[in-house]
Amino acid sequence: MITRRYLFVWIWLLALMTLSLFMGVAPVARNAAVTLMFTVAAIKTVLVALHFMHLKIEPWLIYAIALVPVVMVVGFMLTLFPDFVFAR
């Protein structure tokens, strides 16, 4: 039962990674591609944290400790976003 859940999450991670790779060569606007790549990266982060790091079953203090790096990563992403989108 647990192995099936891990396999299901792994398949989702594989599909999301494939989507990110194809967005790099897709004929869409660069802004849309970068936005989608960052969104997919955030979704993959949540999947890994909840399922493989077992944060889904941990007490609230673990969430508080895990939230600090997440806030930092989101801040870094928002800070670097203009460099990727508006590169010359």
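I began with helix α3, which covers residues 60-85. At 1.5 Å a residue, its 26 residues should span 38 Å, and I found its end C-alpha atoms 36 Å apart, which agrees. I note here that I am working with a predicted model.

I then followed the direction of α3 along its length. There is a kink of about 30 degrees at T79, shortly before the proline P82.

**Whole chain**

I looked up the secondary structure next. The chain has 3 helices and 0 strands, and its order along the sequence is α-α-α. I checked how spread out this arrangement is. For 88 residues the globule rule gives 12 Å, but the radius of gyration is 15 Å, well over that value, so the chain is more spread out than a compact globule. I also took the extent of the C-alpha trace along its principal axes, which is about 45 × 30 × 10 Å.

I asked myself what share of the 88 residues is buried. The buried residues come to 15%. For the surface, I noted that the chain exposes about 6900 Å², with 79% of this supplied by carbon and sulfur atoms.

I looked at contacts along the sequence as well. I took those between residues at least 6 apart, and 67% of them join residues at least 24 apart.

Which residues is L13 in contact with, leaving aside its neighbours within four places in sequence? I wrote down K44, L47, V48 and F52.

**S20**

My last entry is on S20, which I located in helix α1. Is S20 buried or exposed? Its relative accessibility is 17%, and buried means under 20%, so S20 counts as buried. Again leaving aside neighbours within four places in sequence, I found S20 in contact with M37 and V40.

Technical notes:
Residues are numbered from 1 along each chain as its sequence is written. This is a predicted model: local features need pLDDT of at least 70, side-chain atom pairs count only at pLDDT 80 or more; totals for chains, interfaces and linings use all residues. Side-chain values use heavy atoms; hydrogens and water are left out. Helices (H or I, at least four residues) and strands (E, at least two) are DSSP runs, numbered from the N terminus. The radius of gyration is taken over C-alpha atoms; the globule rule is 2.2 Å times the number of residues to the power 0.38. Buried means under 20% relative accessible area, exposed over 50%, partly exposed in between (1.4 Å probe, protein chains only). Contact means heavy atoms within 4.5 Å. Accessible areas come from the Shrake-Rupley method with a 1.4 Å probe; for residues, only the protein chains shown count as cover. The expected span of a helix is 1.5 Å times one less than its number of residues. The bend at a residue is the angle between axes fitted to the seven residues ending there and the seven starting there.
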